[in-house]
Amino acid sequence: MAVIVSGKALAEQIRGQLKEKVAAFEGEHGYAPGLAVILVGDDPASHVYVNNKEKACVALGMKSEVRCLPRETTQEELLALVDEYNAREDIHGLLVQFPLPEHLSQKAVLERIDPRKDVDGLTVANSGALASGLPGLVSCTPRGVIELIRSTGVQMAGKNAVVVGRSNLVGKPVAMLLLNENATVTMCHSKTQNLKEICAGADILVAALGRPEFLTGEYIKEGAVVIDVGTSRVEGKLKGDVKFDEAEQKAAFITPVPGGVGPMTITMLLDNTLLAAQRQAEERK
Ligand code: NAP
C-alpha cells in the first residue's frame, strides 16, 4: 500500500519557511516582495484562483495587488497595464490569469511580460532558460511536482520517469526539470502508442493529461512514485488522472487529488515572487 504524499502538508511546511524569508527580505530592504495579478472577465473559477493567490500572498507578508478588468477590455488596454506593472519597482512578480476572453491574445500578453517578473514561468525567455539549463523563473505546478517527488526521498537520478501530457504549462517543464535531475525521461501524449506499457515501466510517473481516472492500476509499476497533476470535475467532485484506489495498491508513493499537487502550485508562485524580488534587489545594487 502506497504512502500518501500530502501536498497540503508539504505546502504548509514550505510556506512557514517562506514567511520567515519574506520577513528577512523586508527587514533588509524596507519593503515586501510584491505580486500583481491581472484578471480579465468574470470566469468564476478564475476569480476563486485569484482570491486564493491574494490570500496566500498576504498571509506570508507579501504585497498583493489584484486588478480586475471588464470582459470587454481591449488588447491595447491590457498590454498597457502589463507595461505599467513591468515598470513599477514595488511589483516584482506579475501574472495574467488565463484563460483570457477569446478576443484577447495570450501569446501577445506573454510576449509583453518582463521575464524577470514572469512568476508563472510561461514566457519564451523563461521556458527557453529552463530548456537551456540557464537561471530563470520556472512555472509553478512543475516546480511543485519536483518538490513532491523530492519529499519522498526517492532519488530521481537514473530513474525511468514518464510524463503523460506535453503542455507548455505542465508536461514539458516537468520533463525538463526531471531531466535536470538526471532522470531518464519519456514524454507521452495523445498520439503515443503503447501508453500502458510505457507507464508500467515508470519508476516515477507524472500524470498531466486531464482525463479523469484514465491511468488505472495496470499503468502503475510496483513501487513507483505517482504524481497526479490532473484535476477534472466529475459530478461535482474533483478527480485526478490516476485511478487512486487501484494505483495505491501498487505504488510506493502517491499524491491524492485534491490535496496533492494543487496546494503546491500557489506555494511555488509565492516562492517565485520572493526569488524575483531578491534578483531585482540585487540588480539595483
Ligand atoms: P492540456 O493543455 O489539455 O494538455 C493535456 C496533455 O495531455 C496534452 O499534451 C495531450 O496530448 C495529453 N493527452 C490528452 N489525452 C491523452 C491520452 N488519452 N493519452 C495520452 N496523453 C493524452 O492540459 P494541462 O494544462 O497540461 O493540464 C493537465 C491537467 O492538469 C488538467 O487536468 C489540469 O486541470 C491539471 N492542472 C492542475 C494544476 C494544479 O495546480 N493542480 C495546474 C495545471 C494543470 P496532445 O498534446 O497530443 O493533445
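**Asn 126**

I looked up Asn 126 and found this residue buried, with a relative accessible area of 6%. Here buried means under 20% relative accessible area, exposed over 50%, and partly exposed in between, with a 1.4 Å probe and protein chains only. The model is a predicted one, in which local features need pLDDT of at least 70 and side-chain atom pairs count only at pLDDT 80 or more, while totals for chains, interfaces and linings use all residues. Residues are numbered from 1 along each chain as its sequence is written, and side-chain values use heavy atoms, with hydrogens and water left out.

Asn 126 is placed in helix 5 (residues 124–132). Helices (H or I, at least four residues) and strands (E, at least two) are DSSP runs, numbered from the N terminus. I then listed what Asn 126 contacts, leaving aside neighbours within four places in sequence: Pro 115, Asp 118, Gly 121, Gly 136 and Leu 137. Contact means heavy atoms within 4.5 Å.

**Leu 10**

I turned to Leu 10, which sits in helix 1 (residues 7–29). Leu 10 counts as buried, at 13% relative accessibility. Not counting residues up to four places away in sequence, Leu 10 touches Glu 147, Leu 148, Ser 151 and Met 264. I also checked Leu 10 against Val 138: the two are 128 residues apart in sequence and 19 Å apart in space, C-alpha to C-alpha.

I traced an open sheet of three strands, in the order 3-2-4, with parallel pairing. Strand 3 (63–69) and strand 4 (93–96) are at the edges with a single partner strand each, so one side of each is left without a neighbour in the sheet. The twist averages 15° from one strand to the next. Two strands pair if DSSP finds at least two bridges between them. Strand 2 (residues 34–40) and strand 4 pair in the parallel sense over four bridges. In this pairing I noted Val 96 of strand 4 as the bridge partner of Ile 38, and Val 37 opposite Leu 95 in strand 4.

I examined the faces of strand 4 next. Both are covered: Gly 93 and Leu 95 on one side, and Leu 94 and Val 96 on the other, are all buried. In a regular strand the side chains alternate between the two faces of the sheet.

Helix 2 (residues 44–59) lies across strand 2, strand 3 and strand 4, and runs at about 160° to strand 3. For such angles, axes are lines fitted to C-alpha atoms, for helices over the stretch in contact, and the angles run from 0 to 180 degrees between N-to-C directions.

**Nonpolar cores**

I asked which residues touch the most other members of the largest nonpolar core. Of its 51 residues, these are Val 145, Ile 149, Leu 178, Val 206, Ile 227 and Leu 270. The largest share of this core, ten residues, comes from helix 10. Apart from this core lies another, of 19 residues, among them Val 82, Leu 94, Val 96 and Phe 98. A nonpolar core is a set of buried Ala, Val, Leu, Ile, Met, Phe, Trp, Tyr and Cys residues joined through side-chain atoms within 4.5 Å.

Not counting residues up to four places away in sequence, Ile 149 touches Val 154, Met 156, Leu 178, Ile 204, Val 206 and Ile 227.

**Ligand surroundings**

I found 20 residues around the ligand, of which Arg 166, Ser 167, Ser 190, Thr 231 and Thr 265 come nearest. A residue is near a molecule if one of its heavy atoms lies within 4 Å of it. A polar side-chain atom of Ser 190 lies 2.5 Å from an oxygen atom of the ligand. For Thr 265, I recorded 2.8 Å from a polar side-chain atom to a ligand oxygen atom. Val 229 has a backbone N or O atom 3.5 Å from an oxygen atom of the ligand.

I located a cis peptide bond from Phe 98 to Pro 99, with omega near 5°. Pro 99 is in the loop between strand 4 and helix 4 (106–112). The peptide bond from Val 257 to Pro 258 is also cis, with omega near 0°. Pro 258 lies in the loop between strand 11 (253–254) and helix 10 (261–284).

Asn 194 has a positive phi, near 55°, in a residue other than glycine. Asn 194 is exposed, with a relative accessible area of 53%.

How values were computed. Polar contact = N/O pair within 3.5 Å; in protein donor to acceptor, adjacent residues only side chain to side chain.
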